[in-house]
Amino acid sequence: MTDHGHELHFGGFLTPGAGRPEQVVALAKLCEQSGLDLVTFQDHPYQPGFLDTWTLISFVAAATSRVRLAGNVLNLPLRQPVVLARSVASLDLLTDGRIELGLGAGAFWEAIEAAGGRRLSPGQAVAALDEAIRVIREVWDTERRGMVRVEGEHYRVVGAKRGPAPAHPVQIWVGAYKPRMLRLVGRAADGWLPSLSYLPKGPAELPGLNALIDEGAEAAGREPAAVRRLLNVNGSFARSSTGFLAGPPEQWVDELAGLALEHGIATFILGSDDPRAIQLFGQEVAPAVRELVGAERAAPGDRAEAVTQERAAVAAGETTALAVTPTPDPGVRLSARRLWDESARPAAPPAPAGQRYTVRGQAAGQHLVDVHDHLRQELGQVRDLLEQVRRGAVSAGAARAALNEMTMRQNNWTLGAYCAAYCTVVTQHHGLEDNSIFPHLRRADAGLGPVLDRLTEEHVVIHEVVEGVDRALVELIHHPGDFTALQEAVDLLTDTLLSHLSYEEREIVEPLARYGFFAGQL
């Protein structure tokens, strides 16, 4: 098996415990905040101690904005293929393409049978999975004319209408270990998703299992590279090594890079509910593995030197990859008014070649995103207030009082004030005025001047827009029943605030990770 050159992805594998559902959601958000690409959940519908996986995925999808989501893996015997196909496509459309489909043939047959499923032999389970994949792909294929027609032994779907099509080409990842299932993966799936802990001999088993997938792909006229190799991994972070994936972050980097380069693993999914492990995996290990694998792909044979350099960088808490992801602009405008020309916004100069970021620097950049997430949450409260006033559940006066208590209404939401509070905590006694951060960045990099000027101008505009919401509430008190002006004011606030926050993150998250909030912080 060789490296197929796939872009590396990293994810979390979280326990969907029903005892503390809020903790599961919080860990999923932490995965996104830590820079991971993917969040997955096991699926055991017969287990009353677990949340229903599909319901959980849907809830987490609404609570996140960037991370992709999948079952790891969904229990096919208890999930009807046509309904599953439409559920996946629907949620993929609602999340703008953030859903993938992990699928399993089934296990724990007594529990499946007790829950109303059919007990299948190993051979029947493989055949049923094969048929289900065909049904799912047929439902998604809205470009094809005619009805879905799959007359299988286990799933007979004749005459069902196609659609909806998902927002992006959803990948089907199959959990498999036995030869027939592995050949099916090569023939019909987009990815192979095993767990390293289920391989008795560990990574030594990967070449033989990969060969069976390649065999199935080639027999079906497919390139083996068409099948992404994913892997659930478990381990522990510690100061010294006690085994494979049990040791300091630099050891994880070396060993995961080896799995990528030697066995073609392109997606690593950490099975852990430990917040610290999730953060280390996303913020330190993942960027360093990407860098090490990228260096080896660019210059094969230089891995020993690259490993040495990368170990030193990880030990120092440094990486060339910025693990903080700016929140994208939603791209939807609710108001017909435009208070600025977005196309005229200046851009920040690029980071110097080879720039390395410390963990402290990454945290500085992430802090800006966290601050903005608070403002986005407040914006949601404003829109919810509007709906409550419209329904008569809250008076215009009470809504105005609530607005006055919000951070954005007090004009403390600007970067300077938030960073002042943040830096005061970090340095204990460094009090910073509202306008201290921009001057610091301007001194650190004169090329940021146009961006900082534009951000300052937009701060003034948004302050006026917030004042406009307040004026509209006052007007509603005097003229109850006419919500036109208030709706327009809230829509304009939504457009301007979300656009501005996205622009600010895009341009200065990286400089903040380089220079910090004040001189000497990093």
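Colleague: What share of the protein chain is buried?
Modeller: Buried residues come to 52% of the 522 in the protein chain. Buried here is under 20% relative accessible area, exposed is over 50%, and partly exposed is in between, with a 1.4 Å probe and protein chains only. Bear in mind that this is a predicted model, where local features need pLDDT of at least 70, side-chain atom pairs count only at pLDDT 80 or more, and totals for chains, interfaces and linings use all residues. Residues are numbered from 1 along each chain as its sequence is written, and side-chain values use heavy atoms, with hydrogens and water left out.

Colleague: Okay, and how many helices and strands?
Modeller: The protein chain has 16 helices and 15 strands. Those are DSSP runs numbered from the N terminus: H or I of at least four residues for helices, E of at least two for strands.

Colleague: What about the radius of gyration?
Modeller: For the protein chain it is 26 Å, close to the 24 Å that the globule rule gives for 522 residues, so the chain is as compact as a globular protein of that length. The radius is taken over C-alpha atoms, and the rule is 2.2 Å times the number of residues to the power 0.38. The C-alpha atoms fill a box of roughly 70 × 60 × 45 Å along the principal axes.

Colleague: Switching to the inside. Which residues have the most contacts in the largest nonpolar core?
Modeller: Leu101 and Leu103, in a core of 92 residues. A nonpolar core is a set of buried Ala, Val, Leu, Ile, Met, Phe, Trp, Tyr and Cys residues joined through side-chain atoms within 4.5 Å.

Colleague: What is Leu101 in contact with?
Modeller: Skipping neighbours within four places in sequence, its contacts include Leu74, Leu84, Val88, Ile136, Trp140 and Trp173. Contact means heavy atoms within 4.5 Å. There's also a second, separate core of 27 residues, which includes Leu375, Ala399, Leu403 and Ala472.

Colleague: Which residues of helix 6 are buried?
Modeller: Helix 6 covers residues 179-188, and Met181, Leu182, Leu184, Val185, Gly186 and Ala188 are buried there. Their cover includes helix 5 (122-140), strand 8, strand 9 (191-192) and helix 7 (206-219).

Colleague: Now the backbone. Where does Asn72 to Val73 stand, cis or trans?
Modeller: That peptide bond is cis, with omega near -5°. Val73 sits in the loop between strand 3 (68-71) and strand 4 (74-75). A cis bond also joins Gly163 and Pro164, with omega about 0°. Pro164 is in the loop between strand 7 (156-160) and strand 8 (172-174).

Colleague: Why look at those at all?
Modeller: Because most peptide bonds are trans, and most residues other than glycine have a negative phi.
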